[in-house]
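Hi,

Here is the structure I promised to pass on. Have a look at it first, then read my notes below.

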Amino acid sequence: MDFQYTDKMKDLVLQVREFINSEIRPAEARFREELAANPWETPPVMDELKAKAREKGLWNLFLPKEYGDYSAGLSNLEYAPLAEEMGRSLIASEVFNCAAPDTGNMEVLAKYGNEQQKKQWLEPLLEGKIRSAFAMTEPDVASSDATNIETRIVRDGDDYVINGRKFYISGAMRKSCEILIVMGKTDPDNPSRHVQQSQVLVPTNTPGVKIVRPMKVFGYDDAPEGHAEVIFDNVRVPKENIILGEGRGFEIAQGRLGPGRIHHCMRLIGAAQEAFELMARRVNEREVFGQPMSKQGSVREDLARSWCEIEQARLLTLKAADMMDREGNKVAKDLIAMIKVVAPNMALNVIDRAIQVHGAVGVSQDTPLAHFFSYARSLRLADGPDQVHMMQLGRTLAKQFA
């Protein structure tokens with residue numbers, strides 16, 4: 001395996017890094033001010049940044065090249081260092097139209113959608129004109145086992161009627177969120193638990209879709225996308241809104257979550273790298289007990305340990321991305337599971353050390369560390385808890401050596 005960046009990758013990394021430093025970081029304060037005035041609307045400065053990024057060709061970099069004209073022409077391996085750069089800023093991914101949950105939803109539509117669904121929903125998402133959400137998690141069942149979900153999708157003539165309650169539906173609070181991909185059961189009595197589910201497209205303004213409240217993550221509302229509780233009360237959509245067909249929902253979810261998981265990991269490595277650099281600068285600037293913090297043995301160990309852990313996670317991410325490119329997402333599932341466990345825990349360790357050397361300011365709003373920590377902790381749950389990935393990986397390993 002050769003993970004040396006090609007000249008093309010090096011050039012793109014420099015372009016993305018330069019754009020973040022020259023355009024995004026100076027605009028972050030304005031983003032926060034505009035967000036405070038209208039929490040669930042996309043701040044105008046975001047649209048200005050997106051227009052500049054698109055003009056420079058730094059747009060939709062996430063979609064692998066097998067999607068033809070919809071793709072920027074990069075492989076997963078080539079995208080990894082770009083996503084890492086984006087992860088260093090809390091708002092950069094959206095600027096490049098590479099933010100979750102839209103990336104996962106766009107990949108679902110590109111891979112499983114029919115031509116009409118692509119025209120109506122994928123293309124405006126790729127153009128950054130609308131936003132989307134993926135509605136799977138439910139408050140009343142353990143949604144880490146997707147076969148548990150209870151939302152019903154019932155065929156009625158030429159329509160489907162949807163009833164259910166979801167929560168932590170990321171992106172659904174934003175006023176520009178126009179489309180929901182909803183997972184529910186069309187055949188709950190089927191003896192095969194993995195063909196009971198289907199996924200259907202539900203425009204957010206459909207009668208019966210009730211955005212109840214924003215859920216919080218460690219006190220953050222993560223505006224403007226937010227994490228909504230949503231009730232579907234006799235929501236009626238045309239039968240043409242089903243994706244791929246009845247009984248294919250679990251299959252689509254698996255296809256969606258693989259790339260989504262590794263994208264989160266790529267961004268987390270960027271967040272950890274940013275935290276590390278803040279920590280390294282801090283220990284050179286501050287003195288304790290008559291000498292720079294950088295001369296304290298425990299601080300030096302924290303720096304060294306963090307550097308080792310970031311590089312380990314980075315290499316495992318690149319290996320998983322490389323396997324996805326060469327063998328496909330299904331073959332790479334064990335590596336994706338491994339990095340999905342490793343990256344959030346690595347980031348939590350590194351960010352925690354960075355908070356520690358910053359003292360009180362580390363948990364304040366004056367650095368991104370507290371928000372990074374919240375993001376990393378939530379990803380031990382999002383897209384599958386650690387325990388589910390370890391259970392499945394352990395099962396595979398046990399069989400392999402039986």
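Helices (H or I, at least four residues) and strands (E, at least two) are DSSP runs, numbered from the N terminus. Lys175 is exposed at 61% relative accessibility, while Glu41 is partly exposed at 35%. Here buried means under 20% relative accessible area, exposed means over 50%, and partly exposed is in between (1.4 Å probe, protein chains only).

Before you go on, a word on where this comes from: it is a predicted model, where local features need pLDDT of at least 70, side-chain atom pairs count only at pLDDT 80 or more, and totals for chains, interfaces and linings use all residues. Residues are numbered from 1 along each chain as its sequence is written, and side-chain values use heavy atoms, with hydrogens and water left out.

Another salt bridge links Lys118 to Glu115, at 3.7 Å from N to O. Why are Lys118 and Glu115 separated by about one helical turn? Because they are three residues apart in helix 7 (residues 115-126). Lys118 is buried, with a relative accessible area of 13%, but Glu115 is exposed at 57%.

Glu127 and Lys129 pair up too, with their closest N and O atoms 2.9 Å apart. Glu127 is partly exposed at 31%, and Lys129 is exposed at 61%. There is also a network: Glu94, Asp102, Arg131, Arg174 and Glu225 are joined by salt bridges that share partners.

**A buried lysine**

Now find Lys166 in strand 3 (residues 159-170). Is Lys166 buried or exposed? Its relative accessible area is 0%, so Lys166 is buried. What does its side chain meet in there? One partner is the side chain of Glu138, in a polar contact of 2.9 Å. Also, the backbone oxygen of Met183 is 2.7 Å from a polar atom of the Lys166 side chain. A polar contact is a pair of N or O atoms within 3.5 Å; within protein, one must be able to donate a hydrogen and the other to accept it, and residues adjacent in sequence count only if both atoms are side-chain atoms.

**The nonpolar core**

The largest nonpolar core has 114 residues, and Phe96, Val202 and Phe232 touch the most other members. Such a core is a set of buried Ala, Val, Leu, Ile, Met, Phe, Trp, Tyr and Cys residues joined through side-chain atoms within 4.5 Å. Helix 8 (residues 249-285) gives the most to this core, with 15 residues.

**What the record says**

UniProt, in an unreviewed entry, lists "domain: Acyl-CoA dehydrogenase/oxidase N-terminal" at residues 7-129; that stretch is 63% helix and 0% strand. UniProt positions use the numbering here, feature names are shortened, and annotations may be inferred rather than shown by experiment.

Technical notes: Salt bridge = Lys/Arg side-chain N within 4 Å of Asp/Glu carboxyl O.
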